[in-house]
Structure formats: structure tokens, C-alpha cells
Amino acid sequence: MQDSQDLTTRLIHHPYTPPPGFAAPQPGVFKASTVIFPNVAALRSREWKDKSGYTYGLHGTPTTFTLEERLCTLEGGLHCLLVPSGLAAISTVGLALLQPGDEVLIPDNAYGPNKEFARGELARLGVGHRLYDPLDAADLAAQITPATRLAWLEAPGSVSMEFPDLPALVRICRAHGVCCALDNTWGAGLAFAPFDLLRDGGSLGADISIHALTKYPSGGGDVLMGSIVTRDAALHQRLQRTHMHLGLGVGANDAEAVLRALPSLALRYRAHDVAARTLARWLAQQSQVVQVLHPALPGAPGHEHWRALCAGASGAAQDATKEVATSADPGLAAGLFSIIFDARYRAEQVDAFCDALRLFKIGYSWGGPISLVVPYELAAMRSRPAPQLRTGHLVRFSVGLEAVADLQRDLQQALTQALPPL
Ligand SMILES: *Cc1c(COP(=O)(O)O)cnc(C)c1O
């Protein structure tokens, strides 16, 4: 019964059991460092590694166990670890799986701090890294060596938004016995299923899906948290050991904030998506803009890969889009995209455009109700040529939940003020 339901429904009707005599559907917020055992025998018999009992606050409470379970539902996984940020999820995976002499592969367009962690801590531990071209599966294959243990995947890449051919990349890693870790923050468990990339029940998928819950799952811009989800018990145990050694945990109030936000996740994601696509299409028509980097827009780098994975699906979350779909399924995408302004503008003019925006606030992160904007120096972020990107000034937008007409007027007035047509 459960599995046939839409994911939207399953995030609301969940198998949470309230304490006896208190039949509220909302889970309680449980806070504890210490857990009291009834006797020494109980203390000796309980095991922190499984969820059969409670041993210590850091090893899990009813609140964190409920959130872990719900995130497994969201991503289609079986095991989940909670960490204090999305970045902590990335670093925990690296520390758990890599040893001196090993190598990790990272897409050149990855979330920046992932690369910095490799250049910093992993390098100090004697772990090497290589950057691959996310749009060239042959390049990933060519960079695998006998030392390669882990490959990061990100769809689409942070900032420049190229969407890779995820099934092709995972197949190559599988063929070489390389563990695949996906940064699934953009997809949020909704745009595609990380462990079921072919929608055939799971014959092809990532080994690990990490998620910055900071973004859409929290939805409020007021929580920092990350998750590490797997389907493989042995892999989960390796990650869990490192997680325990590092002393990682999350606060009950933060976990509760995410639990409260998850039932509206699908609704919010879709609203962000519709607004972002409207604005991306409008910006594509403005003469100042030479390229729009939104994977759901035809012509964007990797658009065909996005379409194959995220549109035309009969998957759970896609059902929410059916009532507005006419003939073709519009698919799902996050409310995040970038544009490139004509190189003939000066960088100060582009900064002035960002400063002139009133509803779009200048700030990192995304996934909350407030629209955000950040100008990026693309050249400084890439190690490899990226011919799919036009030269110019890149600006990234995270579209919030404001009325889209207000956001469009805001963009228009800032363009008029700072970037007169050439
Ligand atoms: C924000 C983000 C992270 C890191 O999340 P934090 O909780 O801010 O540490 C990781 N990956 C991607 C793609 C992100 O956008």
C-alpha cells in the first residue's frame, strides 16, 4: 500500500507511532545526552550501532530516528546518518572511505568546498584527487586509476549548472568497482530518485546520496544540517563508525524544524521550480544576457540529460506535476539557475545590478522563501576548459517563494538601472 502512494503523500502519512495515550500525528521533540538504563544488564546488552534501543543522545533519539527514517523515504534509501551541515556530509564520506594512497574523483563544477576539502584535509592525509569534466563520461573513465576508491557526482553542478549523464557516470564507476557518492542537494529526492536512476526499481543508482538539508528540506533558511543515505548496510556501517568517531550529531530542535518542513517539500519545490523557469525564460530574452544556465531550458548544457532523468517520468514526485502538464511532462527542477551577462559589461556594472535588486537579497545558500543572488568569478572556479559556457559575467539566482511578477519587475528595474542595453 505504502509503496504505491505518491511520495508527497508518504512524506505526510508516515508510520510514526505516538506515545500511548497521546494520539497526535506530529512526532515529539526528544532531547537527551544521557539515556537512563533500567539496570546494568540493559546497559551491557544495548548496541549503539543499530536502532533496537537507545544508548546515548549522540547515537540517536526518537526525534533523530524519525527524521532519518523520513529521509530514507524521501531518497529511496535504507540507512541514514544526520550531520551538522551538508559540507559535513561530504567530509564524513571522504574520511570514512579514503586512506593514504587512494584517489577521489570530483567533477570540475562541484560545490566548491568539496574540492577545497580534497585539496586540504584529504591531501594532508595522503589522498589524491582528480577533477573530471562532468559532461564527458569518457573523461571520467580515463581518470580512473587502480587507486580510485570514490567518485563524487553532482547533478547539476553548483553555479554553472551543467547536468551530467548520471546513469552513464554511475555505469562507468560500477564497471571499475568505484563507489559513487552523489551530492543530491539540487534534486532534493524529488527531481529524480538517486538510487533508481532508470526507474526500474533500482538496477542502477548511486551508492551514497548526500543532501544539504539546509536547503529545501529545511526550507526556512534557518537550519544547517546534512544527511548521508545509503542502501548498503556494510557501507552504512563504515560511514557510521567514522560519524561516531568524529562525534557528529544534530540538535533535536533543528531536527524537528526539518521534520515540520518535509510535508510541504514537494509543494515548495514545485513552486520554486515554476517561478525559476518563468524568470529564466524571461531573462533569456533580455539583450544583456548571453546565456541562461538552467538545466530544464532547451540549449542549456546537459539539458538532454536532465530531460532523460527528470522529465517524462512516472515516478512518485512527478505525479504532482500532472495536473498542470498538457501533453509532455514538464519534469522537475530546483529553483536555482545562473545567467551570463555579456562580457562587454564591466564587472562593476554587474555588481551594481546585484546591488540594485531589492527583493533578491545578496547571499549564499538557497532553498528558503527569500530569493537570493550571487555574482561568481567563473574563471577562478574551474581547473579545466568549459567550452559549454559563454564568456562573460556569471550571476546565480535562487528563486524564493515571492510572487513571480514582483521578482520579474525587480530584475527589470535592476537591469534598467545598472546594465543599459549595449
Ligand atoms: C549548500 C550546499 C552544500 C553544503 O551545505 P551546508 O549545509 O551549507 O554545508 C553541499 N552541496 C551543495 C550542492 C550545496 O548547495
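Which residue in strand 3 is the bridge partner of Ile106? In this predicted model, that partner is Leu131. Strand 2, residues 103-107, and strand 3, residues 128-132, run parallel and are joined by 5 bridges.

Let us follow the chain onward to the loop between strand 4 (148-154) and helix 7 (166-175), where Pro156 is found. The peptide bond that leads from Ala155 into Pro156 is cis, and its omega is near -10 degrees. The loop between strand 4 and helix 7 also holds Met161, a residue other than glycine whose phi is positive, near 65 degrees. Both features deserve a look, because most peptide bonds are trans and most residues other than glycine have a negative phi. Is Met161 buried or exposed? With a relative accessibility of 2%, Met161 counts as buried, since the cut-off for that class is under 20%.

A positive phi also turns up at Ser365, where the angle is about 65 degrees although the residue is not a glycine. Ser365 sits in the loop between strand 10 (361-362) and strand 11 (372-376).

Now for the ligand. There are 13 residues around it, and those that come nearest are Gly86, Leu87, Asp183, Thr214 and Lys215. Sorted by class, the shell is made up of 5 nonpolar, 5 polar and 3 charged residues.

Which contacts involve the ligand's oxygen atoms? Gly86 takes part through its backbone, with an N or O atom 2.7 Å from a ligand oxygen. Thr214 uses its side chain instead, placing a polar atom 2.6 Å from an oxygen atom of the ligand. Trp366 contributes as well, with a side-chain N or O atom 3.3 Å from a ligand oxygen. As for cover, the ligand taken alone exposes 380 Å², and the protein buries 90% of that.

Notes. Residues are numbered from 1 along each chain as its sequence is written. This is a predicted model: local features need pLDDT of at least 70, side-chain atom pairs count only at pLDDT 80 or more; totals for chains, interfaces and linings use all residues. Side-chain values use heavy atoms; hydrogens and water are left out. Helices (H or I, at least four residues) and strands (E, at least two) are DSSP runs, numbered from the N terminus. Buried means under 20% relative accessible area, exposed over 50%, partly exposed in between (1.4 Å probe, protein chains only). Two strands pair if DSSP finds at least two bridges between them. A residue is near a molecule or strand if one of its heavy atoms lies within 4 Å of it. A polar contact is a pair of N or O atoms within 3.5 Å; within protein, one must be able to donate a hydrogen and the other to accept it, and residues adjacent in sequence count only if both atoms are side-chain atoms. Accessible areas come from the Shrake-Rupley method with a 1.4 Å probe; for residues, only the protein chains shown count as cover. Ala, Val, Leu, Ile, Met, Phe, Trp, Tyr, Cys and Pro count as nonpolar, Asp, Glu, Lys and Arg as charged, and the others, Gly among them, as polar.
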